[in-house]
Amino acid sequence: MTDQQALRDIRDLVAAANRHQSDVAEFVALHHSDVVVVNVAGRRVLGRKALREAMTAALSSPLAKVLTHLDIEDVRFVGPDVALVSCAKRISDERDEGPAVPARGSLTFTVVREPDGWKIALAQTTPIS
């Protein structure tokens with residue numbers, strides 16, 4: 001596989017993360033089994049099972065009205081099967097209650113190539129004030 005094909009596949013992965021952010025099964029399937037996620041509020045989730053539980057709870061709460069959009073700014077291959085993906089994150093908070101969420105963030109993914117395609121192994125969001 002060429003770097004150009006890997007780059008297209010990684011872009012497709014990020015597009016799928018955008019598209020499936022409110023679909024627990026589809027979203028979780030994009031992640032490595034040992035994924036680490038740190039959200040914009042600093043909550044750390046370890047593993048695909050914990051991610052599924054956290055997403056299910058969030059989508060059953062007012063947090064379902066917090067939506068994001070990702071724009072890839074840079075992709076850097078640190079090995080043939082590992083890449084760092086830098087994204088700008090726009091956050092839309094349509095809730096009527098709860099603490100304010102930053103409107104922007106910097107999101108970094110570490111993605112790894114598995115036999116069935118690229119998966120998100122780490123997602124770290126830093127809020128931008």
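Contact here means heavy atoms within 4.5 Å. The legends below describe close-up views of a predicted model.

View A. Six strands form an open sheet with mixed pairing, in the order 2-1-6-5-4-3. Strand 2 (44-46) and strand 3 are the edge strands, each pairing on one side only. From one strand to the next, the twist averages 15°. Strands of a sheet pair through backbone hydrogen bonds, either parallel or antiparallel.

**View B. Strand 4 beside strand 5.** Strand 4 and strand 5 run antiparallel and are joined by nine bridges. Two of the facing positions can be picked out by residue. Val82 lies opposite Val112 of strand 5, and Ala88 lies opposite Ser106, also of strand 5.

**View C. The hairpin of strand 5 and strand 6.** Strand 5 is joined to strand 6 by a hairpin that passes through two residues. The two strands pair in the antiparallel sense, with 11 bridges between them. One of the paired positions is Gly105, whose bridge partner in strand 6 is Pro127.

View D. Helix 3 lies across strand 1 and strand 2, and runs at about 55° to strand 1.

**View E. The largest pocket.** The volume of the largest pocket is about 950 Å³. It is lined by 37 residues, of which Asn39, Val40, Ala58, Thr68 and Lys89 are the closest to its centre. Two or more lining residues come from each of helix 1 (3-19), strand 1 (31-38), helix 3 (48-59), strand 3 (66-79), strand 4 (82-93), strand 5 (104-114) and strand 6 (117-128). Helix 3 gives the most to this lining, with six residues. Sorted by class, the lining holds 27 nonpolar, seven polar and three charged residues.

**View F. The second largest pocket.** The second largest pocket holds about 170 Å³ of space. Its lining has 13 residues, and those closest to the centre are Asp9, Leu13, Asp116, Gly117 and Trp118. Helix 1, strand 5 and strand 6 are the elements that each give two or more residues to this lining. The largest share, four residues, comes from helix 1. By class, six of the lining residues are nonpolar, one is polar and six are charged.

**View G. His31 in strand 1.** His31 belongs to strand 1. Its relative accessible area is 2%, and because buried means under 20%, His31 counts as buried. Apart from neighbours within four places in sequence, His31 is in contact with Arg48, Leu51, Lys119 and Ile120. Helix 3, which spans residues 48-59, lies across the strand that carries His31.

**View H. Thr110 in strand 5.** Thr110 has its place in strand 5. With a relative accessibility of 18%, Thr110 is also classed as buried, since the limit for that class is under 20%. Neighbours within four places in sequence aside, its contacts are Val82, Ala83, Leu84, Lys119, Ile120, Ala121 and Leu122. One of these residues, Val82, stands opposite Val112 in strand 5.

View I. When neighbours within four places in sequence are set aside, Leu67 contacts Gln21, Ser22, Arg90, Ile91 and Ser92. Ala17 is 50 residues from Leu67 along the chain, and their C-alpha atoms are separated by 12 Å.

Terms used
Residues numbered from 1 in each chain as written. Predicted model: local features only at pLDDT ≥ 70, side-chain atom pairs only at ≥ 80, totals over all residues. Heavy atoms only, no water. 1 Å grid on protein atoms, 1.4 Å probe; cavity = no way out; pocket = protein on both sides within 12 Å on 5 of 7 lines; lining within 4 Å. Points joined across faces, edges and corners; volume = space filled by probe spheres on them. Nonpolar A, V, L, I, M, F, W, Y, C, P; charged D, E, K, R; others polar. Pairing = 2+ DSSP bridges. Axes fitted to C-alpha atoms, helices over the stretch in contact; angles between N-to-C directions. Buried < 20%, exposed > 50% of the residue type's maximum accessible area, 1.4 Å probe, protein only.
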